[in-house]
Amino acid sequence: MTRVFNFSAGPATLPEPVLRQAAEEMLDWHGSGMSVMEMSHRGKEFIAIHAEAEKLLRELMAIPANYKVLFLQGGAIGQNAFVPMNLLRGKAGADYVNTGEWSKKSLKEAGKYCSVNVAASAEAGHFTSVPKQDSWKLDPNAAYVHICSNETIGGVEYHWTPDTGSVPLVADMSSNILSRPVDVSRYGLIYGGAQKNIGPSGLTIVIVRDDLIGQALPITPSAFDLKTQADNDSMYNTPPTYAIYIAGLTFQWLKSNGGLAAMEVHNRAKAALLYDYLDSSSFYRNPVAREDRSLMNVPFKLRDDALDAAFLKGAEERGMLQLKGHRSVGGMRASIYNAMPVDGVKALVAYMKEFEASHG
Ligand code: PMP
């Protein structure tokens with residue numbers, strides 16, 4: 001068996017010990033005589049799996065007791081609609097900060113349900129930075145302020161937490177959740193798809209402060225009303241059981257590797273290897289402002305995009321896959337989530353040097 005270094009932006013590489021354990025437990029989970037996939041979500045086995053996953057996530061992120069943790073479906077794109085449906089609370093509009101393709105999608109969708117105030121936008125600079133908070137034009141009557149904490153396509157990440165006063169801060173953390181510690185108490189709601197740092201696609205994590213629940217628009221689908229789901233422990237409808245099980249294994253893996261503080265050290269070390277090399281080279285470049293560079297997604301361009309195909313082919317021959325950049329920006333992108341080992345980044349940098357030497 002050969003495992004490649006998979007630089008995909010998501011679904012993405014998962015920790016090998018998690019996959020091995022899932023393989024071992026595939027046919028018979030803990031003597032139950034069945035796979036987790038085959039279990040009733042109402043049975044005691046799955047209820048224990050679900051409770052353990054929530055407990056571990058609360059522990060890893062130090063989630064305060066007045067926050068609900070929900071395991072839902074519909075992805076982050078679903079949340080683009082469900083957030084305004086649930087959080088408008090009688091208000092007319094919400095603030096959105098536009099830092100890239102994912103923010104843009106969020107604010108466009110929200111526009112179907114409320115008036116959207118774009119409080120700040122990095123579009124004029126081609127989404128290569130996070131606008132400084134002193135430039136934001138926040139509306140004091142906004143229902144919430146929405147940010148995307150890590151733009152997966154542009155490789156732009158917040159390394160600070162906005163201060164929105166009494167207006168709840170909402171973050172799409174799809175691509176940097178669990179990559180480092182965050183102070184959950186600074187947010188009203190955090191959401192993210194699981195398919196980068198957590199597990200299989202199909203699971204959406206929502207972490208929401210109690211007092212924001214219970215005022216959904218009447219048109220909100222029951223399965224996406226936070227109150228219905230909170231009242232039913234995320235089991236109003238059948239939850240994505242297997243994805244929750246894998247998420248639990250990943251949370252256990254994170255805990256046994258030192259939790260989020262250790263993960264941050266690991267992620268900073270990997271990102272530094274790549275950015276230091278990019279900055280030292282005149283052959284490759286990353287356009288993002290240094291202080292706003294993502295630790296998770298590193299886009300870069302070659303000096304001549306006519307070399308892209310040869311670069312990708314050579315990478316593939318060396319067991320490094322999914323390095324092609326998003327079609328909207330071109331070039332390359334290395335996604336280096338928690339589960340990407342440092343050896344994967346070392347191998348990539350070594351190959352980039354070799355390619356530069358032969359084509360530079
Ligand atoms: N937001 C961000 C930051 C993302 O990276 C993605 C997926 N790449 C999405 C939203 C969309 O997620 P989904 O496809 O799970 O709805």
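This is a predicted model: local features need pLDDT of at least 70, side-chain atom pairs count only at pLDDT 80 or more; totals for chains, interfaces and linings use all residues.
Residues are numbered from 1 along each chain as its sequence is written.

**Helix packing**

Two packed helices are described by the angle between their axes and the distance between the axes. Helices (H or I, at least four residues) and strands (E, at least two) are DSSP runs, numbered from the N terminus. Axes are lines fitted to C-alpha atoms, for helices over the stretch in contact, and angles run from 0 to 180 degrees between N-to-C directions.

| Pair | Axis distance | Angle |
|---|---|---|
| Helix 2 (residues 44-61) and helix 6 (residues 241-256) | within 9 Å | roughly 40° |
| Helix 1 (residues 16-24) and helix 6 | 9 Å | about 135° |
| Helix 3 and helix 4 | within 9 Å | roughly 45° |

Angles under 35 degrees count as roughly parallel, over 145 as roughly antiparallel, 65 to 115 as roughly perpendicular and the rest as oblique. Helix 2 and helix 6 are therefore oblique to each other. The term oblique also applies to helix 1 and helix 6, and to helix 3 and helix 4.

A crossing is left-handed if the near helix is turned anticlockwise from the far one by less than a right angle, and right-handed if clockwise. Helix 2 crosses helix 6 in the left-handed sense. For helix 2, the residues that meet helix 6 include Phe46, Ile49, Ala53 and Leu56, and their partners in helix 6 include Ile244, Tyr245, Gly248 and Phe251; here contact requires C-beta atoms, placed from the backbone, to lie within 7 Å. By class, this contact of helix 2 with helix 6 has 11 nonpolar, four polar and three charged residues. In this scheme Ala, Val, Leu, Ile, Met, Phe, Trp, Tyr, Cys and Pro count as nonpolar, Asp, Glu, Lys and Arg as charged, and the others, Gly among them, as polar.

Helix 1 and helix 6 have a right-handed crossing. Pro17, Val18, Gln21 and Ala22 of helix 1 make the contact with Ile246, Leu249, Thr250 and Trp253 of helix 6. Six of the residues in this contact are nonpolar, two are polar and none is charged.

The crossing of helix 3 and helix 4 is right-handed too. Ile77, Asn80, Ala81 and Pro84 in helix 3 meet Lys105, Ser106, Glu109 and Ala110 in helix 4. Their contact holds four nonpolar, two polar and two charged residues.

**Around the ligand**

The residues around the ligand include Gly10, Ile77, Trp102, Cys148 and Asp172, a residue being near if its C-beta atom, placed from the backbone, lies within 6 Å. Helix 3 (residues 75-87) gives the most to this shell, with three residues. By class, the shell has four nonpolar, six polar and one charged residue. Trp102 lies in helix 4 (residues 101-110).

**Backbone features**

Most residues other than glycine have a negative phi, and most peptide bonds are trans. The peptide bond from Gly10 to Pro11 is cis, with omega near -10°. Pro11 sits in the loop between strand 1 (5-6) and helix 1. Ala62 has a positive phi, near 50°, and is found in the loop between helix 2 and strand 2 (67-72).

How values were computed
Two residues are in contact if their C-beta atoms, placed from the backbone, lie within 7 Å.
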